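Please examine the sequence and the model displayed below. The paragraphs that follow lead through the structure step by step.

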Amino acid sequence: MQEYELSYGWLLTLHSYLAYIVLAVLILAVANAIIGLVSNKMFTPEKDFRISLFGLILSHLMLVVGLVLYFVSPKGFYAVKTLGMGGMNAVSRLLAVEHPFINILAIVLITIGWSRHKKFIEGNKKFQSIAIFYGLGLIFLLSRIPWGQWFN
């Protein structure tokens, strides 16, 4: 049982620290796309492509860690299974239902933005696709972070 708690704690810590990194890279990617769009810059593989790609890769990595955490954590699938949807309070519902669902949607939006940007040749359309879809994904992520746990 203690080994289980150690792996859960390690995963939770990894997920938390990875969230800070993902948020920073996504903010950077969205800001870079907006600046590129407004200033009518060319989309460069050295900078713009890599920033967007790192945002995509890190967000997918966080999704994988989060899904593993969802199934090994007592606050994830186990809470839904034992308490049922009607037996949860607001905090447990946030962690067991809202946080995973909305964050999966956020990663889907980021992935759509990445896929769409590859179809365009013009820099403005590439920046626009990344700005819109990564921006929406970032807003979704920010909306379902358990802020009470982050600042305690």
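Arg 144 has a relative accessible area of 28% and is therefore partly exposed; the term covers values between buried, under 20% relative accessible area, and exposed, over 50%, with a 1.4 Å probe and protein chains only. This residue forms a salt bridge with Glu 98, and the closest N and O atoms are 3.9 Å apart. A salt bridge here is a side-chain nitrogen of Lys or Arg within 4 Å of a carboxyl oxygen of Asp or Glu. Because Arg 144 lies in the loop between helix 5 and helix 6 (147-150), while Glu 98 lies in helix 4, the pair ties together parts that are 46 residues apart in sequence. Glu 98 counts as partly exposed, at 24% relative accessibility.

The model is predicted: local features need pLDDT of at least 70, side-chain atom pairs count only at pLDDT 80 or more, and totals for chains, interfaces and linings use all residues. Residues are numbered from 1 along each chain as its sequence is written, and side-chain values use heavy atoms, with hydrogens and water left out.

By the rule for salt bridges, the count comes to two. One of them joins the side chains of Asp 48 and Lys 47, at 4.0 Å from N to O. How exposed are these two residues? Asp 48 counts as buried, at 3% relative accessibility, whereas Lys 47 is partly exposed, with a relative accessible area of 40%.

The protein as a whole can be considered next. Its secondary structure comes to six helices and zero strands, where helices (H or I, at least four residues) and strands (E, at least two) are DSSP runs, numbered from the N terminus. Along its principal axes, the C-alpha trace spans about 55 × 30 × 30 Å. Of the 152 residues, 39% count as buried. The accessible surface comes to about 9000 Å², and 71% of this area belongs to carbon and sulfur atoms; such areas come from the Shrake-Rupley method with a 1.4 Å probe, and for residues only the protein chains shown count as cover. Contact means heavy atoms within 4.5 Å. Among contacts between residues at least 6 apart in sequence, 74% join residues at least 24 apart.

How do helix 4 and helix 5 pack? Helix 4 (residues 90-119) and helix 5 (residues 123-143) meet at an angle of about 175°, with their axes 8 Å apart. Helix 4 is therefore roughly antiparallel to helix 5. Axes are lines fitted to C-alpha atoms, for helices over the stretch in contact, and angles run from 0 to 180 degrees between N-to-C directions; those over 145 degrees count as roughly antiparallel. The residues of this contact divide into 13 nonpolar, six polar and three charged. Ala, Val, Leu, Ile, Met, Phe, Trp, Tyr, Cys and Pro count as nonpolar, Asp, Glu, Lys and Arg as charged, and the others, Gly among them, as polar.

Leu 109 is found in helix 4 and is buried, with a relative accessible area of 17%. Leaving aside neighbours within four places in sequence, Leu 109 is in contact with Phe 133, Leu 136, Gly 137 and Phe 140. His 117 also has its place in helix 4 and is buried, with a relative accessible area of 1%. Not counting residues up to four places away in sequence, His 117 touches Phe 43, Phe 49, Lys 126, Ser 129 and Ile 130.

Terms used
Parallel < 35°, antiparallel > 145°, perpendicular 65-115°, else oblique.
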